[in-house]
Amino acid sequence: MTELLSNREQKKEALKALLLRIHNGEDVNSLKEEFRAVLSSISPLEIPIIEQELVKEGVSAKDIAKMCDLHVELFREAVKGTDEVEEKELPEGHPLWVRYMENREILKDAEMLNLYARTLATTRDERMREEILGVLEEIVGNLRKVGFTHYNRDEMLTFPYIERRGLTAIATVLWTKHDEIRFMLKHLYGLLARRDEMPWEGFVERFKAKAGEASFALSDMVFRENNIYYPTLNALLSDGEWKAVRMQDDEIGYYKVNPPEWDPGEDVKPLQPWQINPELSAEELLSLPKEVQQALKGQPLEFDKGQLRREGDLDLGTGFVSVEELKAIFEALPVDVTFIDKDDRVRFFSPGERIFTRTPSILGRPVQLCHPPKSVHIVNKILRAFKEGRKREATFWLRLGPKYVYIKYVPLFDRNGNYLGTLEITMDIGEYKRIEGEKRLLDWRD
């Protein structure tokens, strides 16, 4: 035991000497190999202990944080499984490459969270406490974005591909873990916001414990993704599927990564989950990570062979529905929709919700004749502004007996920017204005 402590003391002193050189202005990159030599002799479990001892001896958390990139690199090497696909094997901008790069940032920020939380617990100086709390607020605020970006992209974009192939359990487990992490980070954010409502010692100990749990959960998720989920995706998804994913990734956003463009080629057509053959060949099954193969033993896969597009369906760009389904959708909408074409004639109004009188007799009628003469000049001014591209909406609200009516006019254009007509959207917002608090999906009772 004495020898172990002596060893750790030597490693700590070596790290302290390097950190002092950084503090005095030397570039961390110029010291990279020296850091690697010291850190490579320290197990991932020892590093937090040594870091904490350095903090107690007065080394600033900011200087220690400069080791995070190297620590992350060593951690990745330590936990890397034989199935992991290195991002360097993938072209830059490839959706899987992007996810690996995000995981580097997540792992680094998870370590920073743990480090600063432990530093806060040992800091007595009031000014330093406030500075550290400010850093923690930024770290936690950033990490909460992981759920909105990194996790959300897989839940919405890559999970459907493996679910289609019958690997629903993988998606279910990962999504459950995502939600657990989201809750942990939301709780940390709330603790920071309510810190003045509790004794300092109680707050800091509770925060340190919860930050440690969140840091571990984030790192564990990185391990699961890098060693199980991403190799699974790499084994199963074709370039066409990845092209479809990449086309949608931007819509959700990224975690601290600004990826370059990636395209496998104009001859590769993007494939959505419903367009693929869901059945897995024996070769594909054998290419899966061993953990996935083990989980599938004795459990026959149920491939999702459902057909999305049926004969006679209308292609709406974001989905396919029959005419009867479309009618039912419009009838169920809590809004009154009327479409006026480019020639100012009424071509359609929705069934169901009704604020103003609409009868089939108005179809084909000039919209100007559907309004009182005293307001026709305003209608014309709005339509002219829409057609000339000077306005993108016109909104009004008024009391109509017990109803509080909101009216919105929006111009419609085709892909080339040509004016198609105007949509009038009307709804009674009275009941919505009275809503307070929250009612979530999980609150529903039959």
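Buried means under 20% relative accessible area, exposed means over 50%, and partly exposed lies in between (1.4 Å probe, protein chains only). This is a predicted model, where local features need pLDDT of at least 70 and side-chain atom pairs count only at pLDDT 80 or more, while totals for chains, interfaces and linings use all residues. Residues are numbered from 1 along each chain as its sequence is written, and side-chain values use heavy atoms, with hydrogens and water left out.

Now look at the aromatic rings. Rings of Phe, Tyr and Trp (its six-membered ring) pair if their centres lie within 6.5 Å; planes under 30 degrees apart are stacked, over 60 edge-to-face, and the rest tilted. The whole structure holds 11 aromatic pairs. One of them joins tryptophan 274 and phenylalanine 320 edge-to-face, with 5.4 Å between centres and 75° between planes. Tryptophan 274 sits in the loop between α10 (239–252) and α11 (282–286), and phenylalanine 320 in strand β2 (residues 320–321), so the pair ties together parts 46 residues apart in sequence. Here helices (H or I, at least four residues) and strands (E, at least two) are DSSP runs, numbered from the N terminus. Tryptophan 274 is partly exposed at 33% relative accessibility. Phenylalanine 320 is buried at 14%.

Next comes a stacked pair. Tryptophan 397 and tyrosine 406 have ring centres 6.2 Å apart and planes at 15°, so they count as stacked. Tryptophan 397 is exposed at 52%, and tyrosine 406 is partly exposed at 25%.

Rings also gather in groups. Tyr100, Phe159, Trp175, Tyr229 and Tyr230 form one aromatic cluster.
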